[in-house]
Amino acid sequence: MSKVVRIGAGSGMLFDSALGVEGMLSCKVPPNYIIFDHLAEATMTHFLQMRQASEEMGYSSNFIDIHVGPYLDKLMAAGVKLITNAGGLNPQAAVRALEK
């Protein structure tokens, strides 16, 4: 018997809708993984400017505030693993923000 791995798309860009996460969590069987893509040439420049302004910035705050933060407890309870590049130029600060 083969193992089934369910993969969901959480976002395809920085300003994408967060409705996908909510929808996936309401499924009878949620995905094992959700992938979020937050990097593009324009966002890298934006992240650099953010990082230069503050040592604690340089990542996608939309990932924290919109795409994952509101659903974090449910994602963790369901055992969903997140794959993302939303850490941008400061992944350590993104982790700290998500842990708050």
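Visitor: Which residues of H2 are buried?

Guide: In H2, the buried residues are Thr43, Phe47 and Met50. Buried means under 20% relative accessible area, exposed over 50%, and partly exposed in between, with a 1.4 Å probe and protein chains only. The model is predicted, with residues numbered from 1 along each chain as its sequence is written, and local features need pLDDT of at least 70. Side-chain atom pairs count only at pLDDT 80 or more, whereas totals for chains, interfaces and linings use all residues; side-chain values use heavy atoms, leaving out hydrogens and water.

Visitor: What makes the buried residues of H2 line one face of the helix?

Guide: Viewed down the axis of H2, they fall within an arc of 60°, so they line one face. The arc is that of the directions from the helix axis to the C-beta atoms. The face turned away from them carries the exposed residues Glu41, Ala42 and Gln52.

Visitor: Why is Thr43 called buried?

Guide: Its relative accessibility is 10%; the limit is under 20%, so Thr43 counts as buried.

Visitor: Which residues does Thr43 touch?

Guide: Leaving aside residues up to four places away in sequence, Thr43 touches Leu14 and His38. Contact means heavy atoms within 4.5 Å.

Visitor: What makes the pair of Ala40 and Thr43 a polar contact?

Guide: The backbone nitrogen of Ala40 lies 2.7 Å from a polar atom of the Thr43 side chain. A polar contact is a pair of N or O atoms within 3.5 Å; within protein, one must be able to donate a hydrogen and the other to accept it, and residues adjacent in sequence count only if both atoms are side-chain atoms.

Visitor: Which residues of helix H5 are buried, and what puts them on the same side?

Guide: In H5 (residues 91-99), Ala93, Ala94 and Ala97 are buried. They cover an arc of only 105° around the axis, which puts them on the same side of H5. Gln92 and Glu99 are exposed on the other side.

Technical notes:
Helix = DSSP H or I, 4+ residues; strand = E, 2+ residues; numbered from the N terminus.
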